[in-house]
Amino acid sequence: MKSKYEVVIGLEVHAQLSTESKIFCGCSTKFGSAPNSNVCPICLGHPGVLPVLNKKVVEYAVLMGLATNCEIKERSIFARKNYFYPDSPKGWQTSQFDEPICENGYLDIVTSDGTERRLDITRIHMEEDAGKSIHDKGDETLVDLNRTGVPLIEIVSEPVMRSAEEAYLYLIKIKHILTYLDICDGNMEEGSLRCDANISIRLKGETELGTKTEVKNMNSFRNVEKAINVEIERQIEIIEEGERIIQQTLLWDADLEDVFPMRSKEESHDYRYFPEPDLMPVIVDEEWKNKISQKLPELPEARMERFITEFKLPEYDAGILTSSRPLADYYENILTVTDDYKSASNWVMGNVLKIIKEEKIDISEFPIYPENLGKLINLINDKTISGKIAKDVFPEMLKSNDDPAKIVKEKNLVQITDTSALEGIVDTIISNNQPQVEQYLQGKETVIGFFVGQVMRESKGKANPQVVNEILRSKLNTLK
Ligand SMILES: [Zn+2]
């Protein structure tokens, strides 16, 4: 039944730009300041004040436009989007409407079944954020205007996505690009990246769009995927019952995993846009555009390709390592010390990411310098320590961030590869474990693992397992 429908999804993504000051005044954008402390007459919308556009905001919007294959418009203008809400004291939001700064871009994604899709971006425009209404402090509603005037870009896609998975992949890619450009921290949980989805369904083959609904309030990447799937199911059910879809705004409830209509009085569609008379048109000429484009870093897609070709990493590894610029930088910094690309990848994807997840920290806060991790890998590779010992050195490095060679020396963890030192231990183990010797002599080869284990224990993990293996075999074979 479901397969006769085609799903149509368009996303509107708001990204909070990480500039120091607000879009039209010098107030700080710092998060977590005391309520209503980062404000001035301009962002409070006092009568007669004049906004001044923050140049960085234009640069960031152009960077995002270039990174998403958009046309950068030489001339764009700001407009007033008029509406009343207590957290927007001016009575309008300064945004861009019919002449945005970027148009006609696209992003490429690959879905889990290997389908390559090019998803068109309609536009990217600059605007200011509204303040924040706080409803959960007693009976009153409080208003914090620190966020009023914080710069945003809105990235609007064409209605081209055909599944929740495509929407999810598109959104993840937007996040990766924003964080690579270092213009937004990409944190959905904290609201610096917000996503609204326009969703409709139609019979396959139909060219006209069905009635759409807008789903808001999805505060994580996984919630976006879930909410879209729930809404698709809801729409199919309605159509199958012979009813009609009502065009409305729905809010996602992450706890109930369902969508609910927004109270209708909170909806307002007639914004009476008109050009902002207090701001000049924004002119981005060729010279400025070229200057900005020189700041474009290597983007995630290109970097992933390079990791695959240059470091011979599996696509899976390359995808994870390039998922954020600081993580990719961390990995490449390990390679300044070691050329064991795959081991470096394993350490990052295993131990490093595990700690980061457990401690809920960022890679920039991870205590071990990448160079020290590289040194640890070299100590294993030159057989100074075993892989097993390395797992004991790692937590020490987490505590002190010391050079691993120093830790190995201080803790006397150097691997015993000296045959004569190991032979003594092997002899003791053999003479103390006669039943197992019998088993070995009767052809049970796997018992060798038992002996290696015993020797490793006896040597407190410092014996080189390969050398132990060789000595054991030669000694046991002489008993045959
Ligand atoms: Zn201000």
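1. A network of salt bridges links E298, R303, R306, E310, D329 and E332. A salt bridge is a side-chain nitrogen of Lys or Arg within 4 Å of a carboxyl oxygen of Asp or Glu. By this rule the count is 36 salt bridges.

2. This is a predicted model, in which local features need pLDDT of at least 70, side-chain atom pairs count only at pLDDT 80 or more, and totals for chains, interfaces and linings use all residues. Residues are numbered from 1 along each chain as its sequence is written, and side-chain values use heavy atoms, with hydrogens and water left out.

3. E59 and K295 form a salt bridge, their closest N and O atoms lying 3.0 Å apart. Because E59 belongs to helix 1 (residues 55-67) and K295 to the loop between helix 4 (286-293) and helix 5 (300-311), the pair ties together parts that are 236 residues apart in sequence. Helices (H or I, at least four residues) and strands (E, at least two) are DSSP runs, numbered from the N terminus. E59 is buried, at 13% relative accessible area, whereas K295 is exposed, at 52%. Buried means under 20% relative accessible area, exposed over 50%, and partly exposed in between (1.4 Å probe, protein chains only).

4. D129 forms a salt bridge with R194, with 2.6 Å between the closest N and O atoms. D129 lies in the loop between strand 7 (116-128) and strand 8 (132-137), and R194 in strand 11 (residues 193-203), so the pair ties together parts 65 residues apart in sequence. D129 is buried, with a relative accessible area of 5%; R194 is partly exposed, at 22%.
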